[in-house]
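Dear colleague,

Please read the notes with the coordinates open.

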Amino acid sequence: MTVDAPPRRLEDTPLGPAAGGLYRHQSALTGLAAGVVVGFLGWAAAHELVQAGSWGTDRVVAVTMVGWIVGFTLGVGAGNAPLQWVVGRRPTAEDHLYWAGVGQGRARYWKYCTDHKVVGIQYLVLTMVLFGIGGGLAMLIRTQLLTPHSTFLNPNSYNAVVSIHGTAMIIATIVMVTGPFANFVVPLMIGARDMAFPRLNALSFWLLVSAVPCLLATFVLGGVDAGWTTYAPLSIQAPVAMDAFAVAIIAFALSATIGGINLIVTVLTMRAPGMTPGRLPIFTWGSVVGSALGLCAMPAFLLVMLMVLSDRTMGTSLFDAAVGGSGWLYENLFWIMGHPEVYVILIPPVAALFEVVSTFARKPVFGYRIVVGAFVAIGLLSLAVWAHHMFTSGWAPDLAVPFMASTELISLPTGLLVLCLIGTLWDGYLWPRLPLYFAYLFVWDFVIGGVTGIYLSDVPADQFFHGDMFVTAHFHYALMGGAMIGATAAVCYWFPKITGRMLDERIGKVAFWIIAVGIQVTFAGQFWAGLQGMPRRVAWYNPVFQHANQTASVGAYLLMAGWIVFLYAMVRSAHHGRPAPANPWRAKSLEWQVPSPVPLENFAVQPVVTSDPYGYGQADDAPGGPDRTVENSAPVGRDGAERQGTPP
Amino acid sequence: MSSEAHPPAGGPTLRPPFLTRPAGKVCVVWLLLTAIGITVGLVAPRRLLPGFDATTGTDVLRTVVFFTVLATPVAGFVYAVAAISLMGRRHPGSADEPPPEDGAPLRGNRSATVVWLVVSSALVVVMLVWGVAVWSNQQSSAPGALRVRVTGQQWLWTFAYPGTSVQSRTLVLPVDRPVLFEVTSLDVTHGFWPVDLGTQVDANPNEVTVLRTTPDRLGRFEVRCSQICGLYHSLMDAPGVVVTPSAFSRWLQSEGASVATAGRVARVGADR
């Protein structure tokens, strides 16, 4: 982009009637129509070509789902620009503006929009939809488990619900920070006008959208009965729902890979002058490390689901032990994805918390280099811990000790992150706004999640706890009480920047307390059941576990109520909240120096960065002092903001 | 990054008593939380975990208690620092404007980091040594072990005793004799989890995995499937019982006799 100081707000540019071309007529609606049509064509073709029998059915379902995804993404507009290259037509400047959403108002949120802020908001809504699906399924699970021999769900429905609860939540938590916030905030933080590949950004989002109906379709296709881990060979004999599941995961893995590459390239190549690696906000570091780790993990997910599809539809036997395959192969590939993946989930929200805590303790991040180093160390170590999920699988007993060692070693960088977080709180001048509430809840929950993890890292103890509710409680504390609460802090923190309105903290604090209590009750109940020896993923259980399960169920209802209140606060504030100033928290990073809502292409004048954004508590004339953090020779803060708003 | 950014806490003569300073308060809260945590850690696992019937179960209980004692001071320290930070200088959360001044410009503290890293590394080493010691002790093969062939299938368990014709749906074990389980599956992956023995291993089709333990207490226990295995996973359990050696040999004889008189053996998984 060579545009410098445009004459007026870009989004007010009048566009000719031809701007955008075919794209003018495309939206999620045409995507839906094209997806249904292509999916139907795929179904009809596969039905005609493939002989009957269970393989035939598997092939038909797989082809239909792939057809839906291809049709949907093309119908929403993913193919337009590549098609233009093919026919030799170059998009005009007007086309680019139209793709970025100019002149479309709210309709741009339903379109294949290239503006990183639109994609960020789209991701935020999609994440909440996924959490809604996963949370609703969790309510079904907890209702089933109120009594030992409940008939609320039949066992097949129960297994299907458990599987999709896990998968929806895993997808939601993987994208919950890098989707909404890395997309919206990182380009602003580093002084870029957009992502490096704006159209790929949109592709990453709409691919994920197309995967959601495939996941939901599993319920009408017989249900996935193998848990979210879908261990083979069970998943090879599962109903045809498994084909839809595999296609959904493949689309998700592609989406995450595309999004990850985009973010990394953006941070590598599009930083403002002076934004050296040592001045990058911690959140940018965390998003990059999380995305890079995702790039290592997602190919394994894609591969293992392709292999499942191959076994199911093409008669291969990659995972069938009777004919030369191996279930352990599946387990290895799955966890080579699965353990880096929990740090893909965890690192970005933790990084966001450093921004939150620094801002609300009015202090620089404690140990900036240690935090960055810890992210990188966790990233590297997490590639070598996967087999701790297989301690009791019987595979390679000789590797139990090395994997126990790597698993326990990863607690060192993780512990350093906790030290730096409380070090940032220490001796601050605390301003307990809502984001800081959630930061405190994170510390409380994450320590519990971490401490209970060390029992599971120990092979002899894991021989009792594997497959037990204790594991469920542990990772819910770490991923929900920890990562998801961190993401919630990020929502509260960046809400004014994203919506241009302040989040209603009165309602937000009501939600906070319900959620905080709900988490403790729910997962304390699960720890209780787990210590007693209740297995995971069972629809019926021994009555000795009933009290523990009732506790967990009551907590889960509370938790759901809390999230509904929080959602109400968000929706209400987004529409009727107090208009937010550009920098309500007086934070120092670049995203707070542009107006809210953020104008298209973000910066009227290229910002020049002279220090890191943590210059709290320093004299104004000191290096890194408040007034020299980002305001500089080419002003973008107060000055730039005004200039953007006024025509020449 | 500068690590010396400590604000001087007044002159040496004017320093308030240790316990009223933030660091002193952290120490008090830390000790309190650690004492509470260790008490809970010593009591709760014994009360909540099943009453284990085997050496492996005792290992689990000891590990849980020991790791709790190791980890509680760390957790207590984190909570104490977070809590005392919150009790220090604080601006009203209702205020629209940020605090009138910033917090201490503390960009790191080398000694705190080094102490933290050294302590957590030491804890990891202790945990690892403990785990390796217990694990290798469990792995050592005991002479005279009773072999039991365990076969999982959707959705039941079969236990066979090599050298006899006995095939049972109940896992019967003699007390105080090492036992070697040879575990396999006929269909999908199952998890052979004799819950109250405190150990488990997966049952994989076309593979035999082994599991060692020694029952050391008479009593009933439950065998569960710990790996989701389809429709009736919830119902895939079997009763188990630890009996005296003499009762065990009587049981083997009577079962063998009844099998012989019945004249047919369900050859479930017996021909590996």
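In chain A, residues A:Ile164, A:Thr167, A:Ile171, A:Val175 and A:Asn183 of α6(A) meet A:Asn201, A:Leu208 and A:Leu215 of α7(A), where contact means heavy atoms within 4.5 Å and helices are DSSP runs of H or I with at least four residues, numbered from the N terminus. By class, this contact of α6(A) with α7(A) has five nonpolar, three polar and no charged residues; Ala, Val, Leu, Ile, Met, Phe, Trp, Tyr, Cys and Pro count as nonpolar, Asp, Glu, Lys and Arg as charged, and the others, Gly among them, as polar.

The model is predicted, so local features need pLDDT of at least 70 and side-chain atom pairs count only at pLDDT 80 or more, while totals for chains, interfaces and linings use all residues. Residues are numbered from 1 along each chain as its sequence is written, chains are lettered from A and ligands numbered from 1 in the order in which they are written, and side-chain values use heavy atoms, with hydrogens and water left out.

Helix α6 (residues 155-190) and helix α7 (residues 198-217) of chain A pack at an angle of about 165°, with their axes 12 Å apart; axes are lines fitted to C-alpha atoms, for helices over the stretch in contact, and angles run from 0 to 180 degrees between N-to-C directions. That angle makes α6(A) roughly antiparallel to α7(A), a term used for angles over 145 degrees.

Helix α10 (residues 327-361) and helix α11 (residues 368-381) of chain A pack at about 175°, and their axes lie 11 Å apart. α10(A) and α11(A) are therefore roughly antiparallel to each other. The contact is made by A:Tyr343, A:Ile347, A:Val350, A:Ala351 and A:Phe354 of α10(A) with A:Val371, A:Phe375 and A:Ile378 of α11(A), and its residues divide into eight nonpolar, no polar and no charged.

The axes of α11(A) and helix α13 (residues 411-425) of chain A come within 8 Å and cross at roughly 155°. That makes α11(A) roughly antiparallel to α13(A). Among the residues in this contact are A:Ile370, A:Val371 and A:Phe375 of α11(A) and A:Pro413, A:Leu417 and A:Cys420 of α13(A), and by class the contact has eleven nonpolar, one polar and no charged residues.

Turning to the spaces, there are seven cavities of 30 Å³ or more, a cavity being a set of points on a 1 Å grid over the protein atoms alone where a 1.4 Å probe fits but cannot get out, whereas a pocket is an open set with protein on both sides within 12 Å along at least five of seven lines, and lining residues have an atom within 4 Å of a point. The largest cavity has a volume of about 250 Å³, the volume being the space filled by probe spheres set on the points, which are joined across faces, edges and corners. Its lining has 21 residues, of which A:Thr178, A:Ala256, A:Gly259, A:Gly260 and A:Ser291 lie nearest the centre. The largest share of that lining, six residues, comes from α6(A), and by class the lining has ten nonpolar, eleven polar and no charged residues.

About 1500 Å³ of space lies in the second largest pocket. This pocket is lined by 46 residues, with A:Arg106, A:Tyr109, A:Ile121, A:Gln122 and A:Val125 nearest its centre. α5(A) gives the most to the lining, with nine residues.

Note on methods: Helix = DSSP H or I, 4+ residues; strand = E, 2+ residues; numbered from the N terminus. Parallel < 35°, antiparallel > 145°, perpendicular 65-115°, else oblique.
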